[in-house]
Amino acid sequence: MEKIETNISRVGGYTGRRMARDRLFKHVMTFGGLSVIIAISAIFFYLASVVVPIFMPAQMGDLQQVNIPKDALESSVHLTSEEQAEIGVRMTDRGSVTFFDLRDGRVMAEEKVALPEGVDIASFAAGDPSQQVVAYGLSDGRMLVLEQDFKVTFQVDPDDHEKDIRTITPTIAYPVGNEPLGIDETGQALKRLTVQHSGESTTAVAQTADGRLVLAAFESRSNMITGEVTTERFGIELPPVEGEVSQLLLEVKQRDLYVVHGGRFVSHYDVMNKQAPRLLQTVALVPEGETITAATILSGGFSLIIGTDQGKVSQWFQVRGDDNVNHLTHIRSFKPMAGRVTMITPEHFRKGFLAGDDKGNVGLYYATSNRLILKRSTGSEPVRVVGFAPRANAVLVESAGNAIQTARVENDYPEISFSSLWQKVWYESYPEPEYNWQSSAATSDFEPKFSVAPLTFGTLKAAFYAMLVAIPLAVLGAIFAAYFMSPRMRSVVKPSIEIMEALPTVILGFLAGLWLAPWVDNNLAGTLMAIFLLPFSFVITAYVWHLLPQRLTAGIGSGWEAALLVPVILVVIYLAIQLGHPIEAAFFGGNMPHWLTNELGITYEQRNSLVVGIAMGFAVIPTIFSIAEDAVFSVPKHLTSGSLALGATPWQTLFFVVLLTASPGIFSAIMVGMGRAVGETMIVLMATGNTAVMDLSIFTGFRTLSANIGVEMPEAAVGTTHYRLLFFSALVLFVFTFVVNTVAELVRHRLREKYSSL
Amino acid sequence: MRNWYKSGEPWVWTTAGAVALSLIMVYAVVWLTAARGLTHFWPKPVAEVTYQERSGAASRLIGEIREREEVSLVRLREQGYTIDSKDLFADRYLIKLGNKDLTGVDFKWFPAPMLGEFTYPKDLLAIERREWGNFYGHLKAVKEHGNVVAEGPAAWGEAQKRLARSNDLFRQALRIEKSDIGKINYALEKTRLSERRLEIDGTLTDAAKAGFAQERAAREADYLALQQKLDTIRVAIERDSISVETSDGQVVDIPLAKVADMYLPNAMSVWQKMGFYVHKFYEFVSDDPREANTEGGIFPAIFGTVMMVLLMSAMVTPLGIMAAIYMREYAKPGPVIRAIRISVNNLAGVPSIVYGVFGLGFFVYVLGGSIDELFFAEALPAPTFGSPGILWASLTLAILTLPVVIVATEEGLSRVPRTIREGSLALGATKAETLWRTVLPIASPAMMTGLILAIARAAGEVAPLMLVGVVKLAPSLPLDGNFPFLHLERKFMHLGFHIYDVGFQSPNVEAARPLVYATALLLVIIIVVLNLFAIRLRNRLRERMRGLEGV
């Protein structure tokens with residue numbers, strides 16, 4: 001009984017278990033297949049998702065008011081925050097320092113600076129923001145240096161023993177001691193002050209009440225044995241300037257001093273040698289009738305940013321002129337502010353700055369990319385003080401009569417703009433604007449140079465020289481292989497071309513870089529001559545063959561021309577190389593690369609475009625060859641037979657019938673080859689010097705997008721502008737090759753339809 | 001002449017020339033790699049020659065002649081040589097001088113006019129050292145604890161005997177260092193991680209702590225025992241040394257512990273040289289690299305490449321075949337599926353470095369980072385899967401080669417004649433059964449072709465691997481005797497990257513060059529063989545299909 005039932009279920013299984021299995025198989029395959037397809041297309045979306053943020057505008061939250069109680073007579077002079085942008089810091093002209101919670105304005109601590117008896121504060125100066133040091137100039141000619149200090153302590157949470165509570169206790173510290181440092185020896189009040197302090201050295205420049213400019217530098221040395229710190233002081237009076245001094249700016253390395261005076265002039269002093277400062281030059285930065293109302297030095301201490309009473313904002317730095325002397329030069333003007341610029345503050349580590357005007361606007365700028373990133377209005381009152389959090393993720397603004405306003409800023413990619421990616425940019429310390437890709441350096445105040453123009457140029461240059469080699473060889477070769485070649489020779493040629501396609505590019509690159517490049521260097525004349533002579537040798541061989549008596553040539557027949565030419569080519573190359581050295585000796589002083597450089601001024605690099613062109617041409621030939629050969633071969637036979645029957649020669653038939661029909665196929669072959677040449681990495685990495693220069697010469701190298709990714713990607717920190725720009729290069733390569741290949745495929749598809757209709 | 005020109009003959013010959021030139025290029029590349037790679041293992045004669053220095057003083061050189069080329073005298077004179085000759089060109093020789101620790105130079109070009117006649121004394125000894133590269137000189141004596149035990153003609157036999165002993169000891173020490181001590185370190189790290197795991201979970205009791213401490217103590221005892229054993233071996237291996245006279249007459253003592261191999265190249269017979277060749281080739285494929293990869297073998301690179309390719313095949317085969325079956329058999333034919341087909345096809349043309357970027361960003365940082373947080377939190381902040389490794393490398397290459405497999409499989413499926421499917425369905429089989437029992441077996445050679453082509457491509461690909469897991473020197477293989485045996489998170493070495501790294505990043509490119517040629521040859525052979533195999537398979541398949549169509 002049981003057995004019958006199982007048998008029935010087996011028979012009935014056709015509609016039962018077997019059908020279920022059939023459906024299951026279908027579902028598994030559909031699911032699997034679709035997921036693979038989706039996963040592949042995810043590549044594009046993932047790349048795009050990494051790239052998109054750099055092109056998104058920066059975000060700034062609404063300005064929030066925080067009410068910090070303040071004496072009516074006091075006014076703020078400095079606003080900043082601690083590293084995490086949780087605690088705001090305000091300093092006033094009366095020497096009170098307030099620490100407050102940036103989110104709700106709760107005052108966390110308030111301190112008064114420790115002033116000596118009977119002495120008042122006369123001026124204030126903030127050092128470079130990266131050092132977090134400020135100083136008050138006093139009425140007795142001395143200066144008090146202080147810095148904000150955050151002590152972090154951990155305590156066990158009483159509710160949850162696993163967790164620690166982090167408490168930050170803000171306070172102020174005196175890095176060079178509680179005792180003020182004497183700046184002016186005559187004891188005059190310090191009307192204006194600028195200061196920089198780093199490690200052991202402190203430099204201050206002040207204008208005294210009677211109008212003198214005095215410089216004082218302090219060098220502390222600690223005794224290795226006793227640990228005792230001794231401070232040495234140098235003081236000197238600086239050459240005076242004309243007109244009313246409005247601002248003093250000392251850069252972070254304590255070498256250059258800029259004095260803004262007379263409304264529109266800046267005088268530049270070299271104070272590297274503290275005993276002998278020199279006035280180098282005085283430059284009018286703005287035309288007559290305009291006044292400099294605010295100025296600052298960008299992080300790194302190289303660029304000067306000035307703002308005027310008409311709201312204009314511009315960047316200046318020293319550029320070495322033809323006379324080998326540095327000149328303070330106008331670099332770029334930014335989008336102007338609406339009103340008179342009242343204060344400019346630099347970002348702590350990047351080349352950005354924040355400007356405020358007297359109409360209550362603040363503008364967030366970035367120097368390298370020449371961008372006004374964000375603009376906000378704080379009301380109608382003039383902006384007094386602006387400040388940054390150290391990581392530039394929050395800003396603090398105080399305008400006249402208003403409380404402090406703060407806002408969160410998300411501005412991670414300010415370096416990117418159309419001009420910084422694609423146009424010449426005048427980078428700090430460069431003599432002129434140029435295209436440059438230099439993504440990182442050892443120093444933290446380095447200005448990243450993200451011009452993709454030279455990389456794109458290098459990519460196209462590489463592709464150009466590769467195609468110059470590949471197109472003639474591959475297309476002509478494909479025509480011969482498809483139309484003239486004897487079938488037996490074809491059975492040798494086709495697998496050889498497939499092997500050519502399969503050869504790893506790392507091997508081609510290695511041979512090109514380590515064997516071909518030095519060899520071409522030593523045999524330049526011979527190589528060039530061989531390239532030039534080869535086409536002629538084919539024609540001459542053809543003529544000689546034609547002149548030979550028929551009984552010699554008849555047996556070999558047509559279709560074997562390529563085999564006959566192999567020894568000819570070898571002989572021609574051998575002769576060219578043999579002749580190369582005597583020719584170099586006779587005409588090029590024995591050393592052609594040397595001659596090119598000295599006589600013609602053409603730079604010759606050993607790993608140059610010629611070498612890459614040959615190596616990458618080699619890599620591209622099989623791709624073009626296979627597709628073009630297929631296109632020529634599949635031209636319907638009745639077309640050619642018709643043409644031949646009408647009396648056309650084989651060449652005429654080929655040229656006027658076959659090639660005309662197959663031309664879309666050949667075009668698509670070239671497109672696919674081009675796509676391959678653009679994305680090739682290893683060959684260019686190994687066979688060029690990888691320097692990002694823009695220069696069409698065949699004797700110099702280049703750096704391509706793909707090689708750049710290969711070199712820099714492993715070192716790029718995740719999420720940075722650099723990382724995302726490398727993804728951007730990858731996305732560009734992806735889209736370019738994908739589009740090119742799709743177009744080629746569509747062309748081929750139409751061609752196939754045409755053939756089948758013929 | 002005009003008629004001849006009009007016939008188009010010159011053009012035909014020009015196109016023929018293009019084919020001929022392409023063929024010459026292919027075979028030149030293959031021949032060049034083969035010629036340079038194969039000669040690497042052949043013992044080269046060591047020459048002795050007098051040399052007139054730039055200052056005019058004469059000196060003696062001993063070394064292998066590596067290359068000879070013709071250069072213009074202008075270049076030589078620029079380099080400071082005073083050559084009195086009317087010729088414009090002269091030969092120069094690249095000589096491997098060895099003795100890098102004494103002279104600081106390994107390779108140097110010497111202009112032929114400054115050299116005397118080359119002689120090949122039979123007693124010139126070439127020593128491969130474990131540090132500082134080769135050493136060349138005349139063998140003078142063999143010493144034990146600094147006392148001479150053999151001199152003159154007897155020295156060579158004695159030295160060989162003692163070298164065999166010291167090499168044996170060296171291998172013992174190496175085994176202890178790499179395998180036994182490596183195992184202890186691995187176990188210690190495991191203990192640390194499980195302790196940390198408990199700590200994170202908050203279940204680290206004092207009992208558990210004591211257990212861990214006990215385990216650690218046991219391991220450390222093991223370690224001390226091994227260390228003692230190592231010390232005795234080290235003392236034993238220091239026993240012997242040889243005295244060798246260099247080209248400038250200096251007699252140098254070289255401890256045999258530092259000698260990997262030594263031979264008298266000028267005294268070898270052809271048979272001996274052949275034996276030496278085989279021996280060196282075996283060393284090349286089975287040994288670890290030495291001296292920043294410029295000497296020794298490439299075993300880890302071969303192993304890494306094979307391992308990566310196997311992992312990749314295991315991933316790409318099911319995925320590719322599934323996608324192909326879906327597209328060819330189940331999806332409704334129409335513009336959508338045609339668009340997908342074209343896209344998949346085109347993905348094969350996307351630069352490989354793009355896949356590398358994707359692999360690094362998505363697999364390593366996103367996927368690997370999440371895996372670390374979920375399962376390997378105890379090891380953080382040191383990444384486990386969150387840094388490049390063999391798993392991500394093979395996954396990246398699987399995606400890279402997916403189009404190859406899909407396209408080949410689809411082609412195979414489309415060539416299965418309708419009659420066969422219809423016959424199966426008419427006999428009452430379901431679609432799944434038809435596919436599984438008839439269509440797929442017929443199409444299987446096509447799938448094989450696709451897989452082989454995928455493997456060949458993956459084996460030669462380097463650019464994406466540089467981003468997702470290849471390193472110049474991996475401390476340990478991804479497969480070893482420590483549980484769980486297969487370590488997918490480890491970084492690995494790769495033949496193609498080895499070529500790039502040693503050829504372009506190494507401090508002594510000249511010394512490494514023959515080795516790179518040998519590596520390149522090995523890679524070319526693997527890839528050419530795979531491709532020829534795939535071509536054969538495809539041709540056979542086509543013929544079989546042609547036969548089926550008549551059914």
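User: Leaving aside neighbours within four places in sequence, which residues is A:Lys359 in contact with?

Analyst: They are A:Ala338, A:Gly339 and A:Ser380; two residues are in contact if their C-beta atoms, placed from the backbone, lie within 7 Å. This is a predicted model, in which local features need pLDDT of at least 70, side-chain atom pairs count only at pLDDT 80 or more, and totals for chains, interfaces and linings use all residues. Residues are numbered from 1 along each chain as its sequence is written, and chains are lettered from A and ligands numbered from 1 in the order in which they are written.

User: Why is A:Lys359 called partly exposed?

Analyst: A residue is buried with 20 or more other C-beta atoms within 10 Å of its own C-beta, exposed with 12 or fewer, and partly exposed in between, the C-beta atoms being placed from the backbone. A:Lys359 has 19 such neighbours, so it counts as partly exposed.

User: Where in chain A is A:Lys359?

Analyst: A:Lys359 is in the loop between β25 (352–357) and β26 (361–366). Strands (E, at least two residues) and helices (H or I, at least four) are DSSP runs, numbered from the N terminus.

User: What makes up the largest nonpolar core?

Analyst: A nonpolar core is a set of buried Ala, Val, Leu, Ile, Met, Phe, Trp, Tyr and Cys residues joined through C-beta atoms within 7 Å. The largest has 214 residues, and A:Ala615 and A:Ile624 have the most contacts inside it. Helix α4 (residues 453–484) of chain A gives the most to this core, with 20 residues. A second, separate core of 89 residues includes A:Leu102 and A:Val397.

User: Why is chain A called more spread out than a compact globule?

Analyst: The globule rule is 2.2 Å times the number of residues to the power 0.38, and the radius of gyration is taken over C-alpha atoms. For 758 residues the rule gives 27 Å; chain A has 37 Å, well over that, so chain A is more spread out than a compact globule. Its C-alpha trace spans about 120 × 105 × 60 Å along the principal axes.

User: How many residues of each chain are in contact across the A and B chains, and what classes are found on the side of chain B?

Analyst: 84 residues of chain B are in contact with 91 of chain A. Helix α2 (residues 9–38) of chain B gives the most to its side, with 21 residues. That side has 59 nonpolar, 19 polar and six charged residues. Ala, Val, Leu, Ile, Met, Phe, Trp, Tyr, Cys and Pro count as nonpolar, Asp, Glu, Lys and Arg as charged, and the others, Gly among them, as polar.
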